[in-house]
Amino acid sequence: MDLSGKRIAILATNGFEQSELEVPRERLKQAGATVDIVSLAAGEIKGWDKKDWGRPVKVDKTLDEASASDYDAIVLPGGQINPDLLRVEPKALKFIKDIFDAKKVVAAVCHAPWLLIETGIAKGRKMTSYKSIKTDVANAGASWVEAEVVVDQGVITSRYPGDLEAFSAKIIEEVKEGRHVQRSAA
């Protein structure tokens with residue numbers, strides 16, 4: 001599917017799961033999208049690769065430079081550290097919520113559904129996540145499902161790195177469909 005002319009933000013900070021940033025970024029670029037790594041500060045952020053620190057990734061825009069209106073979708077990589085750091089950052093939460101409120105695609109994998117919980121997006125949705133935060137997702141009012149990828153009106157969730165091909169393909173499909181105007185507000 002051709003995503004030429006589409007812009008996608010990947011919001012991350014130090015401690016993102018390496019593959020959960022890199023695989024979607026590559027698949028989206030291969031589909032023709034422009035992909036920006038958006039973070040709290042300029043420079044580089046460092047991933048977490050299974051059991052140790054991974055490779056650094058260049059930040060394209062800071063949250064102060066990025067605007068939800070510039071993007072067609074947002075991708076939220078997991079890992080334990082990354083979403084835990086981001087969920088206490090008001091600018092990060094506002095950026096996610098602004099994209100959601102504009103009826104654009106929001107995709108979260110692994111522990112990143114914590115960010116959907118913190119923004120109120122999880123409530124009333126069908127979602128999946130890494131199994132260790134299943135109770136968090138359910139307590140936030142979502143219906144947790146054991147599946148490699150779950151879509152609820154343009155909100156895409158997946159469980160872990162083994163789901164990344166299905167997760168990336170679903171992001172491409174949903175971005176191609178466009179805005180989800182029937183989606184209810186969080």
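User: Which side chain meets that of Arg55 in a salt bridge at 2.6 Å, N to O?

Analyst: In this predicted model, local features need pLDDT of at least 70, side-chain atom pairs count only at pLDDT 80 or more, and totals for chains, interfaces and linings use all residues. Residues are numbered from 1 along each chain as its sequence is written, and side-chain values use heavy atoms, with hydrogens and water left out. A salt bridge here requires a side-chain nitrogen of Lys or Arg within 4 Å of a carboxyl oxygen of Asp or Glu. At 2.6 Å, N to O, the partner of Arg55 is Glu22.

User: Is Glu22 buried or exposed?

Analyst: Buried means under 20% relative accessible area, exposed over 50%, and partly exposed in between, with a 1.4 Å probe and protein chains only. Arg55, at 41%, counts as partly exposed. Because the relative accessibility of Glu22 is 18%, this residue counts as buried.

User: Which residue forms a salt bridge with Lys91?

Analyst: Lys91 sits in helix H3, and its partner is in the loop between strand E5 (61–62) and E6, 27 residues apart. The closest N and O atoms are 2.7 Å apart, and the partner is Asp64.

Note on methods
Helices (H or I, at least four residues) and strands (E, at least two) are DSSP runs, numbered from the N terminus.
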